[in-house]
Amino acid sequence: MNFIDWDLPEILIRLNTLTADKIPLWGNFSAQQMVEHLAKGFSLSIGQVNFPMEVSEEKALQSKAFLYTDKPFGKDIKVGFVNSEKPLTFEELELAVDAFIEGFVASDEYYESNPEATHTHPYFGPLNHEEWVLLHRKHISHHLAQFGLLSIEN
């Protein structure tokens with residue numbers, strides 16, 4: 001399984017083909033909701049926002065092991081801290097893509113200055129930079145595939 005590389009230009013090639021009226025292949029997100037959702041994920045990975053753990057420590061360890069596999073996320077997974085009915089933050093898709101870019105760069109800069117930092121994900125537990133990159137790559141790939149912008153197999 002090949003997930004998208006941790007390479008902003010490569011990701012943007014795909015995101016920049018997305019249109020606001022694009023219908024997802026599955027799930028409830030609009031195109032803009034999906035991009036805003038991905039952008040907010042960076043805030044979690046650098047400790048700007050926090051959510052309580054939603055699984056046991058044992059389950060989090062199993063989930064963390066999943067990050068090191070070539071298995072993608074399931075198509076219709078539901079997580080408690082994500083609300084697909086939340087109002088949009090930005091006026092248009094292009095501004096959401098800008099927020100994604102800012103989040104990506106902020107994440108890279110944060111871990112460059114704080115290489116030993118860990119921040120907790122509600123399902124995966126405490127993650128270091130390498131683990132956050134693994135999670136982001138799977139997560140971004142999942143949502144790009146949701147909108148037909150990347151081919152991954154379940």
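## Basis and helix α2

Helices, numbered from the N terminus, are DSSP runs of H or I with at least four residues, while strands are runs of E with at least two. This is a predicted model, in which local features need pLDDT of at least 70 and side-chain atom pairs count only at pLDDT 80 or more, whereas totals for chains, interfaces and linings use all residues. Residues are numbered from 1 along each chain as its sequence is written, and side-chain values rest on heavy atoms, with hydrogens and water left out.

Helix α2 takes in residues 31-45, and its 15 residues reach 22 Å from the first C-alpha to the last, close to the 21 Å expected at 1.5 Å a residue (the expected span being 1.5 Å times one less than the number of residues). Of these 15 residues, 14 are buried, and α2 is thus described as mostly covered; buried means under 20% relative accessible area, exposed over 50%, and partly exposed in between, with a 1.4 Å probe and protein chains only. After α2 comes Gly47, whose phi is positive, near 80°.

With a salt bridge taken as a side-chain nitrogen of Lys or Arg within 4 Å of a carboxyl oxygen of Asp or Glu, the count comes to one. The side chains of Lys64 and Glu131 form this kind of contact, at 3.9 Å from N to O. The pair links distant parts of the chain, since Lys64 belongs to helix α3 (residues 57-67) and Glu131 to helix α5 (residues 129-146), 67 residues apart.

Both partners fall on the buried side of the cut-off: Lys64 counts as buried because its relative accessibility is 17%, and Glu131 counts as buried because its value is 9%. Lys64 also has a computed separation from Leu8, which lies 56 residues away in sequence and 24 Å away in space, C-alpha to C-alpha.

## A negative patch on the surface

Glu91, Glu92, Glu94, Asp98 and Glu102 gather on the surface in a patch of negative charge. Patch members have over 30% relative accessible area and no salt bridge, with like charges joined within 9 Å and nonpolar side chains (Val, Leu, Ile, Met, Phe, Trp, Tyr) within 5 Å. Within this group, Glu91 is placed in the loop between α3 and α4 (93-113), and Glu91 is classed as exposed because its relative accessible area is 78%.

## Selected positions along the chain

Ile4 sits in the segment before α1 (8-15) and is buried, given a relative accessible area of 1%. Between Ile4 and Leu67 there are 63 residues of sequence separation and 14 Å in space, C-alpha to C-alpha.

Ser151 and His129 are 22 residues apart in sequence, and their C-alpha atoms are 26 Å apart in space.

Key:
Accessible areas come from the Shrake-Rupley method with a 1.4 Å probe; for residues, only the protein chains shown count as cover. Lys and Arg count as positive and Asp and Glu as negative; His and the chain ends are not counted. The place of a charge is taken as NZ of Lys, CZ of Arg, CG of Asp or CD of Glu.
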